[in-house]
Amino acid sequence: MELNGSIVESLENKSILVTGSTGFLAKIFVEKVLRVQPNVKRFYLLLRATDAASATHRLHNEVIGKEVFRVMKEKYCERFNSFISEKVTLVAGDAACVNLGIQDFDLREKIWREVDVVANFAATTNFYDRYDVALGTNTLGAKYVFDFAKKCEKLEMLLHVSTAYVCGEKAGLILEKPLKMGETLNGTSSGLDIEVELKLVEERLNELKAKQVSKKQETEAMKELGLQRARLFGWPNTYVFTKAMGEMVIGHLRGNLPLVILRPTIVTSTYKEPFPGWIEGVRTVDSFIVGCGNGKLKCFLGNPETIMDVIPGDMVVNAAIVTMVIHANQPSQFIYQVGSSKRAPMNSVKLRDYAYHYFSKNPLMSKDGKLVKVAKPVLFPTMTSFRRYLDVNYMVPLKGLQLVNAIFCQYFGDICSDMERKINFVIRLVELYEPYILFKGKFDDLNSEKLRVEVKKANEAEANTFYFDPKCIHWDDYFMNIHIPGLVKYVIN
């Protein structure tokens, strides 16, 4: 591993195809490259759309219309739109389809002739998504992007963004090593066969159609199938399971194609660029922060002895850009885990305290115009203690209400079902997030540290431009003055 020359200069005159262009990390990636190297040749942005008009609409509403491009808009003023038109080519298609669903033959051929780097950000990150949808995007989608990249005549690199949690719920030090085709996390004797999984999905969908179930029932059945299959092989949810299979596929097919797999941990708002605190949507840990701010979170799962590994989005993107430059034209596979657990650990108890203290001083406004009063959520260090709390405070009273309901059902039926639905929802939500909140492992980042050393050794200025060392983060300051204010400004409000 050796950095030859400037990272910024290496980006000059490059053509880059980006999938998942409307995603959080993809937008930060595109903005950063355009801002630091305006002489990049072209970005081809794949947007899921049926035609150019739909793609144009999505570009303006879901990409360049977002606040993340504010700094560039201030820099270019009235020239911003013309600059974007010069540097960005819209590509209508779908990463979950053969040839990325690109119907425009001439454009497809042009991309194959010109593109130097393919950056695959496309993913469905829903922990509890339909199995067919997650397989299509996270597993088959990875294969389709790989197949497309192989046809690019000038290809220097395929950058595939995965997740550090393809490891499942392992404890101890988790190394930056590839997943082997068919391996499982729990040693299931039958092994994992992706073709069998695809066939299983097809058969299940046919069964559901034969029974003429509603769309809602079909969705629930496919969601449950995903969780069942994930847990059968040792993964906690459908998202990380299908992302793991995506890694297996491209690793197995790679041959001599230059490949970098980037595994970020829990991605949070930007630390510094293009400005602190930009975020989009309620991300993993933010569900609990928002719940606390709304005064609805009465209890919290957390243990000071376990690590909650979070990393700001701009640090992930900086790591991606550095790997893209340093491994160009190297016919090998490289894996980078980008997180904070080994160098600057954080835990869920701190997260609870940050949320409580912030909203105590800066209360949200309720729908009726009143300031929301927040209480410090009760802390439970294990799922067992959390379930015991729910049983005593909710499930036992609910059974009593159900007994009354049996006598006066016309008065209490809706109340019982509504309460039970809410309790089951909370249980499911906590079960899905438990592997991340009470994570017992620590992600090795030896490869990432080698990158940091190499960049700093070559160019101190660029080490500051492409920072991704979490040791520089002061968590108290980050959450209280950057992340939670950003979440309030860009998501809650």
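Okay, charges to start with: the protein chain has 64 positive and 57 negative ones, and their mean positions sit 3 Å apart. Lys and Arg count as positive here, Asp and Glu as negative, with His and the chain ends not counted. Each charge is placed at NZ of Lys, CZ of Arg, CG of Asp or CD of Glu.

Keep in mind that this is a predicted model, where local features need pLDDT of at least 70, side-chain atom pairs count only at pLDDT 80 or more, and totals for chains, interfaces and linings use all residues. Residues are numbered from 1 along each chain as its sequence is written, and side-chain values use heavy atoms, leaving out hydrogens and water.

Now the overall shape. For 493 residues, a compact globule would have a radius of gyration near 23 Å, and the protein chain agrees, at 23 Å. That radius is taken over C-alpha atoms, and the rule is 2.2 Å times the number of residues to the power 0.38. Along the principal axes, the C-alpha atoms fill a box of roughly 75 × 55 × 45 Å.

How much of the protein chain is buried? Of its 493 residues, 55% are, with buried meaning under 20% relative accessible area for a 1.4 Å probe, protein chains only.

On to secondary structure: 18 helices and 13 strands. These are DSSP runs, H or I of at least four residues for helices and E of at least two for strands, numbered from the N terminus.

Let's pick out helix H9, residues 215-232. Its buried residues include Glu 218, Lys 223 and Arg 229, along with Leu 225 and Leu 227. Just after H9, Gly 234 has a positive phi of about 105°.

Notes: Buried < 20%, exposed > 50% of the residue type's maximum accessible area, 1.4 Å probe, protein only.
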